Amino acid sequence: PETVQSFLLQTSILERLTAALCDAVTHRADGQAMLERLEHNNLFIFPLDTRRQWYRYHHLFAELLRHRLHSQVSPHDLTALHRRAAEWYEANGLAAEAIDHALKAPDVERAVRLIEQNAVETLRRNDIETLLAWLERLAPEVLRARPLLLIMRAWADVAQGHYDEAEGWAR
């Protein structure tokens with residue numbers, strides 16, 4: 001049915017699904033019922049926990065859905081889906097996911113704010129690859145306008161032994 005197709009397409013931007021997140025992204029209120037329906041009908045959805053709160057689509061099915069989504073919705077609508085996901089993740093304390101969707105939106109202001117708020121902790125966890133992945137997705141002029149991000153970029157490069165790159169950011 002059209003309602004199921006719409007739900008599948010809109011939620012295909014998500015790596016993991018939970019009812020409240022689906023409701024936020026789709027602007028609907030039937031996320032839990034829809035997830036249960038999809039699981040009951042064996043529609044390539046798998047529970048990630050024993051309480052059946054978090055799910056994921058089979059990776060090939062998710063790829064197909066994302067391909068269809070990109071061909072069927074406008075860039076504006078795709079941006080809106082990513083913004084709603086970023087907002088939900090941020091409100092629920094899932095910074096990495098919020099940053100990822102903010103960058104995909106692209107909602108640069110939200111992404112920069114979240115990266116700045118989480119950069120030190122990310123380095124403290126020695127998750128340099130994640131920090132670099134975030135920073136590499138920002139335009140160089142955005143980094144150069146934000147001293148903290150420049151320092152974090154240089155620090156991450158030094159931690160990986162990329163001294164020439166670090167020196168370039170420090171100038």
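A contact means heavy atoms within 4.5 Å. The structure is a predicted model, in which local features need pLDDT of at least 70, side-chain atom pairs count only at pLDDT 80 or more, and totals for chains, interfaces and linings use all residues. Residues are numbered from 1 along each chain as its sequence is written, and side-chain values use heavy atoms, with hydrogens and water left out.

**Exercise 1.** State what share of the contacts with a separation of 6 or more joins residues 24 or more positions apart, and how much of the chain is buried.

*Solution.* Residues 24 or more positions apart account for 50% of these contacts. Of the 171 residues in the chain, 40% are buried, that is, under 20% relative accessible area with a 1.4 Å probe, protein chains only.

**Exercise 2.** Classify the ring pair of Tyr-57 and Phe-61.

*Solution.* Rings of Phe, Tyr and Trp (its six-membered ring) pair if their centres lie within 6.5 Å; planes under 30 degrees apart count as stacked, over 60 as edge-to-face and the rest as tilted. Four aromatic pairs are found in the whole structure. For Tyr-57 and Phe-61, the centres are 5.8 Å apart and the planes stand at 80 degrees, so the pair is edge-to-face. Tyr-57 has a relative accessible area of 4% and is therefore buried; Phe-61, at 15%, is buried as well. Together with Phe-44, Tyr-57 and Phe-61 form one aromatic cluster.

**Exercise 3.** Classify the ring pair of Trp-88 and Tyr-89.

*Solution.* The ring centres of Trp-88 and Tyr-89 are 5.5 Å apart and the planes lie at 75 degrees, so this pair is edge-to-face. Trp-88 and Tyr-89 are both buried.

Methods
Buried means under 20% relative accessible area, exposed over 50%, partly exposed in between (1.4 Å probe, protein chains only).
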